[in-house]
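Here is a short briefing on disulfides.

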Amino acid sequence: MVRKKRVKREERQLKWILIMMAILLFFVLLIYFIMQYEREFEYAGLKFNKIMFDKLILYYTKIPVADPYGNIVAYYNLYLRNDPRKLKNIAINSRILLRKNVVVTLDPSVLECDDNIIAVANLGEFLKAIGINAEFATTNKTLANESEIKYATCDTISGKSIITNKKAEKTEILRDNIAKDKECYSINFKSCEIIKATERFMIAALAHSRGMDLK
């Protein structure tokens, strides 16, 4: 009788041990899949990897670069400082379809932001990588005359896409002018969120060029 009770007690203990091990295994697998989701994911038709560069978290993807005949000849390594999925709160009021020639024009307010050089340089490299001829300008005539930088606004340029970067009350991307001879886009940002705004613009431009909607 005592032996039977001991066997039953051991069986119950073994049962609970197996249940606890199963629960532990479930949580281990859950944590693993969550970490994989955070480290590797797809967005806007691109595969991203979350990587560490020294102490900086970056989101990396490869963009295929094609020749004039549509053949993929290389890949451009795009590194974002923000998770592109978390930029969806930055509204875009129109599809972004860029012409072969683009003028990136900067409002003087951009100079107030410490990250302006990084943001503008990344935007320029991105445009070049996807086969767009980009030139830089300013919206301020005085600054243009003093620094010999080209003066350009949506009203002064035709036959090209114009991308204006400027501070605003809201971070958003707007198409300001709908005309046959130009496309005018504004990358607006508040609180110096210029990197977030330009990265949102780049991903949107890629998605829209492929006929995809950006969520």
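Cys184 is buried (under 20% relative accessible area; exposed is over 50%, partly exposed in between; 1.4 Å probe, protein chains only), with 1% relative accessibility. The model is predicted: local features need pLDDT of at least 70, side-chain atom pairs count only at pLDDT 80 or more, and totals for chains, interfaces and linings use all residues. Residues are numbered from 1 along each chain as its sequence is written, and side-chain values use heavy atoms, with hydrogens and water left out.

**The Cys154 and Cys184 link**
- Cys184 is joined to Cys154 by a disulfide (a pair of cysteine sulfur atoms within 2.5 Å), with an S to S distance of 1.8 Å.
- The torsion about this S-S bond is about 85°, so the link of Cys154 and Cys184 is right-handed.
- Cys154 sits in the loop between β8 (150–151) and β9 (161–167), and Cys184 in strand β11, so the pair ties together parts 30 residues apart in sequence.
- Strands (E, at least two residues) and helices (H or I, at least four) are DSSP runs, numbered from the N terminus.
- Cys154 is also buried, at 17% relative accessible area.

**The Cys113 and Cys192 link**
- The sulfur atoms of Cys113 and Cys192 lie 2.2 Å apart and form a disulfide.
- This link of Cys113 and Cys192 is left-handed, with -80° about the S-S bond.
- Cys113 lies in the loop between β6 (101–106) and α2 (116–129), and Cys192 in the loop between β11 (182–189) and α4 (194–209), so parts 79 residues apart in sequence are tied together.
- Cys113 is buried at 1% relative accessibility, whereas Cys192 is partly exposed at 27%.

**The whole structure**
- A search of the whole structure finds two disulfides.
- With the bonded cysteines numbered in sequence order, the pairing is 1-4, 2-3.
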